[in-house]
Amino acid sequence: MKIKILLIVLFACAICSGQTSDMELPAYDGDYRSVSTPYYPIYILKTEEIILFNDTISPADLSKALYKGIPNYGSYFMIPKAQVHLIIDKDVAYETVDMVKSQIASTTASKLYFYYRASDEKRISSRVKAIRYPNHSSFFKLNIPDHMLTQSDLIKRDSIKNTIPSELPVPPRPYLLNTIRTVEQAIYSVQQNAIDEVLNAKNCISLTLKSDGLYRGAGNRTALLEAEAIFDLFSKYDLVLLKFDKDLLYQDYFNYLIVLEAIKDRLKKVEIIELSKEITEIHKDAGIRLPCDD
């Protein structure tokens with residue numbers, strides 16, 4: 001059985017090799033990373049054509065395709081712990097990459113680490129050139145609740161419960177799946193009160209990544225894409241919200257990841273949250289204000 005699966009994968013790789021032969025991946029001098037199998041290989045060609053398991057697919061259908069699981073791996077559903085490998089031509093518009101990332105984020109793979117590949121081995125290999133980095137979140141989830149409880153909501157509810165006469169037993173508070181527990185959960189919502197609550201005690205900054213550096217608002221460049229410049233900037237804050245310029249290329253984003261890779265161990269106390277185009281537009285339409293934008 002294992003030999004059969006191996007032959008199928010090798011044949012699939014040969015087909016995909018023809019489709020992706022003219023791709024130019026970003027350059028990266030970092031170490032090789034180990035690859036756990038299975039993984040979801042998502043190609044974005046120079047033409048911005050998206051390929052998953054050797055099939056061309058539209059961005060809108062990507063999340064549904066991922067839920068079908070990995071072909072010939074004995075799985076009919078998405079494997080939650082599988083890796084997601086993004087193999088993208090360096091000249092693809094980052095908006096396209098962001099759209100694909102948002103589709104993936106709407107699945108159970110939303111918090112998986114991505115492997116941003118700088119090498120495309122045409123054989124089964126346990127080591128690849130890649131940068132490992134988590135995906136951003138998504139507003140769109142299965143069975144998204146109408147309202148997510150904030151910590152202040154829970155305090156008010158507990159206060160009401162405590163007014164019940166002591167002779168009546170108060171049932172324990174059930175585990176609430178929809179409670180906002182992280183900064184990212186609050187920001188990827190349309191609840192101004194939740195955003196204000198979690199950012200109230202945060203020293204934060206909102207930045208836009210452009211091809212030549214990081215910008216604050218519509219003003220002048222704040223930092224070049226250099227390790228020490230970005231470290232000096234980020235280390236002043238608890239939270240960095242990162243947006244992306246409409247003219248950004250994938251190569252520009254990859255360059256930023258290279259810099260972040262070099263300083264990540266020194267930035268452990270700084271939370272960096274990517275704001276997708278999807279959530280930025282949702283916030284704009286809903287009139288949501290991020291205090292960091294002030």
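User: Why is Arg266 called partly exposed?

Analyst: In this predicted model, Arg266 has a relative accessible area of 42%. Buried means under 20% and exposed over 50%, so a value of 42% makes Arg266 partly exposed.

User: What makes Arg266 and Glu228 a salt bridge?

Analyst: The side chains of Arg266 and Glu228 meet at 2.7 Å, N to O. The cut-off for a side-chain nitrogen of Arg and a carboxyl oxygen of Glu is 4 Å, so the pair qualifies. Arg266 sits in the loop between α8 and β12 (271–274) and Glu228 in helix α7 (residues 227–234), 38 residues apart, and the pair thus links distant parts of the chain. Glu228 is partly exposed, with a relative accessible area of 43%.

User: How do you know that Glu261 and Arg33 form a salt bridge, and which parts does the pair tie together?

Analyst: The closest N and O atoms of Glu261 and Arg33 are 2.4 Å apart, and the limit is 4 Å, so this pair is a salt bridge. Glu261 belongs to helix α8 and Arg33 to strand β1 (residues 32–34), so the pair ties together parts 228 residues apart in sequence. By this rule, the count of salt bridges comes to 11.

User: Why is Lys90 called buried, whereas Asp91 is called partly exposed?

Analyst: Lys90 has 18% relative accessibility; buried means under 20%, so Lys90 counts as buried. Asp91 has a relative accessible area of 36%, which lies between 20% and 50%, so Asp91 is partly exposed. Lys90 and Asp91 form a salt bridge, with their closest N and O atoms 3.3 Å apart.

User: What makes Asn135 buried, and what does the side chain of Asn135 reach?

Analyst: Asn135 is at 3% relative accessibility, and the cut-off is under 20%, so Asn135 counts as buried. The side chain of Asn135 reaches the backbone oxygen of Lys101 at 2.9 Å. Asn135 lies in the loop between β7 (127–134) and α4 (151–161).

User: How do you know that the buried residues of α6 are on the same side of the helix?

Analyst: In helix α6 (residues 192–199), the buried residues are Ala194, Ile195, Val198 and Leu199. They cover an arc of only 115° around the axis, which puts them on the same side of α6. An α-helix has 3.6 residues a turn, so residues three or four places apart point the same way. Among the elements covering the buried residues of α6 are α5 (183–187), β11 (239–244) and α9 (277–286).

Terms used: Residues are numbered from 1 along each chain as its sequence is written. This is a predicted model: local features need pLDDT of at least 70, side-chain atom pairs count only at pLDDT 80 or more; totals for chains, interfaces and linings use all residues. Side-chain values use heavy atoms; hydrogens and water are left out. Helices (H or I, at least four residues) and strands (E, at least two) are DSSP runs, numbered from the N terminus. Buried means under 20% relative accessible area, exposed over 50%, partly exposed in between (1.4 Å probe, protein chains only). A polar contact is a pair of N or O atoms within 3.5 Å; within protein, one must be able to donate a hydrogen and the other to accept it, and residues adjacent in sequence count only if both atoms are side-chain atoms. The arc is that of the directions from the helix axis to the C-beta atoms. Contact means heavy atoms within 4.5 Å.
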